[in-house]
Amino acid sequence: MAVDLLLGLQWGDEGKGKIVDVLTSKYNVIARFQGGPNAGHTLVFNGKKHVLHTIPSGIFHGDAMNLVGNGVVIDPVIFKKELDKLEEQDVDYRKTLLISRKAHIILPTHRLLDAASEASKGKAKIGSTLKGIGPTYMDKTGRNGLRVGDLELEDWKDRYRALADKHEAMIDFYNAEIQYDLKELETEFFEAVKVLKSLKFIDSEEYVYQAQKSGKTILAEGAQGSLLDIDFGTYPFVTSSNTTAAGACTGLGVAPNSIGEVFGIFKAYTTRVGSGPFPTELFDEDGATMAKVGHEFGATTGRARRCGWLDLVALKYACQVNGVTQLMMMKADVLSGFKSLKVCTAYKYKGEVIEHFPYNIEPENVEPVYTEFSGWSEDLTKMSDDSQLPKALNDYIVFLEKELETPITIVSVGPDRKETIFR
């Protein structure tokens, strides 16, 4: 059986959690393949909001197995808090949650290193979430990391101590003013590790292989967005992992020729959290309206998201890099009430008009070229079939499908799982 992928195509926050939740009934296994608790997937159903950071979005479906893959980095403290919330909601996660032994662990000192590094940059900060993600991936590639499987070894605390001591020396090197009590942080960490060790650790690449072999359906769930990919994103304002389709192969041990559908999730407009270039960003009333109506605040950090018109140059690029087979447009309802809409269809780049995504999209190099569309005023949240959608929205969708050469098969018209229109 092929493994289907679900990916964000912008700078994250596209609404991937909702779509995984909507699609989960079709899959036996939901697997996270990269990122850490810097991701926040928000799901809304039965009138309640649920936020997940590391645990796959299929956890609320009792029949699905949920795998945290080897490409993920896990903070035991944040993970424990997620589990506590699941217990409050009577979710029996012990039967359906699996952890890869090859996943790396975020130590308290990774978070401190993150804070020290960011503080030392001054105005050149990259907008880190300060969750210790970057330093953990640095230890992974530097062959220093502590992995989930190490927790099964008798000397794992010695391994922890050696790495934490090294980190403290590195923190001093940054010469940045950060206050911390490591003993207090470690007490919380070791308690959380006990909880993590109560879960089932597996050799995940073998599990996925056997699941495929036995005909089980698998959905690989990405975190962040394609434009935050460490290789193909707006470097250095990116995350520390491969958020694109290739990341699913390395993050789960899936062979490239076993990838099936690639579902690409995007908002009907564009948002970005933190620092970095954003060609279509709005600083006017339209941008403020998008932020207010769309409740554009990070599920993990609470940080306000920057808002702007849809960037089709960037979206085409993300579709190309990922090999997207189906598109799913989120938050169409947020654009209700705009008299007119704009879509960036090209860039003025260093004096010429281009339609591809260039190496550098800093504002001194790039100016968006817009195509304008009529808006719509109808309340989409009450609609349940695409025949009910206003003509202006249908025109918008048809234009995007033609430009992206990919069908838009889902249009989300509200945050609840019921507020989803299949086309």
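This is a predicted model: local features need pLDDT of at least 70, side-chain atom pairs count only at pLDDT 80 or more; totals for chains, interfaces and linings use all residues.

Q: Is Y174 buried, partly exposed or exposed?
A: Y174 is partly exposed, with a relative accessible area of 25%. Buried means under 20% relative accessible area, exposed over 50%, and partly exposed in between, with a 1.4 Å probe and protein chains only.

Q: What kind of pair do F173 and Y174 form?
A: F173 and Y174 are edge-to-face, at 5.9 Å centre to centre with 65° between the planes. F173 is exposed, at 69% relative accessible area.

Q: And why is the Y317 and F357 pair stacked?
A: Because the planes of Y317 and F357 are at 20°, with the ring centres 4.6 Å apart. Y317 is in helix α10 (residues 312-322) and F357 in the loop between β17 (352-354) and β18 (366-374), 40 residues apart. Helices (H or I, at least four residues) and strands (E, at least two) are DSSP runs, numbered from the N terminus.

Q: Are those two buried or exposed?
A: Both Y317 and F357 are buried.

Q: Which residues form an aromatic cluster?
A: W156, Y160, F189 and F190 form one. K157 lies over the face of F190, 5.0 Å from the ring centre. The criterion is NZ of Lys or CZ of Arg within 6 Å of the ring centre and within 35 degrees of the ring normal.

Q: Switching to the sheet: what is the strand order?
A: The 10 strands run β9-β7-β5-β2-β10-β1-β11-β15-β19-β20 in an open sheet with mixed pairing. Two strands pair if DSSP finds at least two bridges between them.

Q: Which strands stand at the edges?
A: β9 (200-202) and β20 (420-422), each with a single partner strand, so one side of each is left without a neighbour in the sheet.

Q: In what sense do β11 and β15 pair?
A: β11 (residues 259-267) and β15 (residues 326-330) pair in the parallel sense over 5 bridges. The bridge partner of I265 in β15 is M328.

Methods
Residues are numbered from 1 along each chain as its sequence is written. Side-chain values use heavy atoms; hydrogens and water are left out. Rings of Phe, Tyr and Trp (its six-membered ring) pair if their centres lie within 6.5 Å; planes under 30 degrees apart count as stacked, over 60 as edge-to-face and the rest as tilted.
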